[in-house]
Amino acid sequence: MATARKGRELFTILETSADTESTTVCDSQDSPLNLSADVKWFEIPYRKPDSDEEDEVREEEDGEGENGFTSTAAAAAETADAASFIAGGGCNIILVTGSNGIEHDEEEYAEDCYYSTSTNCSDTTSNDSDIDFSDLEEEERRSFFSFEDDLDEDCTSPDFWGEPDQVISIEPFSAVSGPQHSLGDDADTRDYFRILFPDSLFEHMVEQTNNYALYRQRRSGKSDPHWHPTDVREMKAYVGLNILMGINQLPDTGMYWASDIFIGNAGFKKTMTARRFEKLTQYLQLCDRESEPVRGERGYDGLFKIRPLLDVVENTMWDAYMPNRCLTVDKCAILMKGRFSPTQYMPSKPLRKGLTVWMLCDSRSGYCHRAKIYVGKSSEDEVVASLGYRVVTSLVRGLEGQYHHLFMDSFFTSVPLLQRLLRDGLYACGPTQPGRKGYPEVLRPRNVGKLSQGEFYQCQRGNLVATVTRDVKVVSCLSTNSAPGIVGISPGRQQRDTDGEGESDSMDSSGLSFGVPRPLPLLLYQENMRGVNLCDQLRECYQVGRPCKKWWRYFLWFYVNLCIVNAYIILRESRGGTPPAGFNGKQFTQRHFRVRLAQQLIGDYQGARGMERAARKRHADSPIEYGHRLERMSERSRRCRNCTNKGLRHESVFGCKICNVHLCRGGCFSEFHK
């Protein structure tokens with residue numbers, strides 16, 4: 001175990017010279033795990049004392065702390081000034097040591113180094129492992145990845161965890177990754193969006209919307225005089241207007257059609273009327289409501305209303321972009337104002353009430369490969385597998401044996417899950433709850449005691465490494481892609497002395513301060529646990545759709561928005577930063593992508609009133625020539641349209657029958673037609 005027995009220490013502080021540091025610090029720009037180039041890494045061999053006498057000498061020199069652990073308060077004080085050590089050619093490094101063992105020579109360590117490709121900081125960019133496994137037998141090779149025996153064992157037994165001195169194996173990632181499409185250089189934004197949201201979905205939306213309108217009219221027993229069937233062109237224009245509403249945001253939908261020139265949008269008025277937009281919103285549908293099963297019936301599906309959308313979009317998102325090596329599993333929340341039973345109340349989140357979606361995203365680009373909607377607790381009794389276990393295994397289905405690296409938060413990370421992923425050829429890393437089943441008893445807070453900043457303890461079981469450390473607060477984590485005993489020092493923010501007279505001693509000559517040493521699993525997590533956050537940032541910048549009381553509309557616009565974000569990422573990576581043809585700006589941003597996509601979806605579509613407005617504008621120079629004349633409209637006076645546009649209230653029985661508006665007999669007729 002990784003505990004100190006018989007007074008032997010857990011940690012030692014090693015002083016490295018400039019020569020040693022030059023051989024251990026990673027300066028490679030191409031880090032295989034998306035690591036920052038400014039992180040200083042130190043590769044530390046696992047060394048054990050020669051005898052008990054050497055332990056006693058170290059105990060007398062260093063002293064013992066509480067609970068039999070070696071006190072590392074002095075080490076924390078020294079590592080707080082990390083920059084001065086690095087600038088002077090040396091650095092204090094925390095090294096995990098055991099209770100008894102063999103001292104390794106440098107030659108032996110070079111042969112038995114357990115620090116493999118994924119975490120190594122060598123100058124080479126090769127994906128080959130530092131360890132040559134060619135001479136290993138097939139059974140020994142499979143033992144690194146097959147945890148069937150470990151799954152059968154009780155992970156809570158005292159003999160499950162051992163000393164952090166075992167060799168770990170990390171296979172290189174060699175699967176095909178990146179965008180997968182056959183679009184040429186002349187492809188535009190609509191072509192990339194069509195990869196994820198095909199035209200067949202628009203046709204399905206048109207069919208179900210028309211059917212739902214007839215269904216509602218049959219149920220009510222009366223027809224809707226303001227409704228007529230829609231088509232694919234109008235549906236695309238409707239979606240395009242919803243995309244533009246996320247860029248030009250107004251408090252109320254009707255304000256886009258306001259007559260005020262400072263508020264109303266001429267493009268919206270030209271595309272369709274406000275009433276037509278409201279009718280499309282009212283009857284918009286994705287499923288056949290007549291065949292929807294009731295709760296309790298056989299075949300009931302809580303997501304029946306959006307099931308056709310999910311069946312198409314989930315496949316297109318997975319096929320359009322093959323996953324890279326580092327992936328992130330996390331959840332996102334969707335703000336909702338309607339009523340839906342799986343809606344969760346999260347007081348600690350920015351969105352206190354919303355819908356939960358589990359997402360698998362690329363750690364570097366933020367591309368969302370899969371999204372699973374949380375619909376509440378399962379009706380079946382699934383006590384064996386926790387919710388986090390089921391979510392992760394369902395999100396990574398199809399990635400078995402490709403040696404991806406998954407990063408997740410404490411909600412998902414557990415010993416059974418990491419064993420299952422390792423057996424399937426997937427590595428994982430993430431913080432966990434110290435009280436969770438299988439976590440080492442000796443690393444729990446009551447046994448570790450108070451830790452100094454930068455101090456850490458580790459236990460190991462094959463590739464599975466458990467770590468407890470203190471950064472800002474105490475953090476417990478599990479990993480299968482990190483060798484034990486490896487620490488890194490990353491630059492931090494500039495800090496001033498408390499007196500304000502100068503910079504702190506932890507800053508070098510360039511004004512860059514260095515933080516405390518962190519174990520490798522923690523730094524890997526901090527560097528790669530950002531995929532879902534990147535996707536959320538791109539998605540939340542410009543919302544699609546308007547708030548409503550129907551829960552499934554939120555998921556509809558969520559997936560439309562997600563397809564836009566993914567299409568933008570595919571375009572950006574496929575073209576290497578080169579904007580589409582016809583773009584004259586300096587940088588093609590997501591805002592330009594959305595505006596261009598909305599314009600191409602709308603195209604030259606114009607509703608009935610839009611065509612009438614266009615004809616009125618063409619005939620404005622000579623209205624009398626085209627039949628526009630002032631004549632009596634009705635016996636009852638109505639408000640003058642021209643005066644209403646100017647904020648005045650005048651009524652008249654005269655007007656223009658072609659324009660179907662009432663106008664005053666004065667100059668309102670000519671002024672209106674101009």
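This is a predicted model: local features need pLDDT of at least 70, side-chain atom pairs count only at pLDDT 80 or more; totals for chains, interfaces and linings use all residues.

**Helix 12.** Select residues 274–283 to bring up helix 12. Show side chains for R276, F277, K279, L280 and Y283, which are buried. Look down the axis. These residues cover an arc of only 160°, so they lie on the same side of helix 12. An α-helix has 3.6 residues a turn, so residues three or four places apart point the same way.

**S479.** Move on to strand 14, residues 474–479, and pick S479. Is S479 buried or exposed? S479 is buried, because its relative accessible area of 0% is under 20%. Next, select what surrounds S479. Beyond its neighbours within four places in sequence, S479 contacts L418, A428, C429, N463, L464, V465 and P521.

**Y403.** Go to the loop between helix 14 (387–395) and strand 10 (405–408), where Y403 is found. Check the backbone here. Y403 has a positive phi of about 60°, yet it is not a glycine. Colour by accessibility: Y403 is partly exposed, at 23% relative accessible area.

**N660.** Finish at the loop that links strand 22 (654–656) to strand 23 (661–662), and select N660. What is the phi of N660? Phi is near 60° for N660, a positive value in a residue other than glycine. N660 counts as exposed, because its relative accessibility of 59% is over 50%.

Technical notes. Residues are numbered from 1 along each chain as its sequence is written. Side-chain values use heavy atoms; hydrogens and water are left out. Helices (H or I, at least four residues) and strands (E, at least two) are DSSP runs, numbered from the N terminus. Buried means under 20% relative accessible area, exposed over 50%, partly exposed in between (1.4 Å probe, protein chains only). Contact means heavy atoms within 4.5 Å. The arc is that of the directions from the helix axis to the C-beta atoms.
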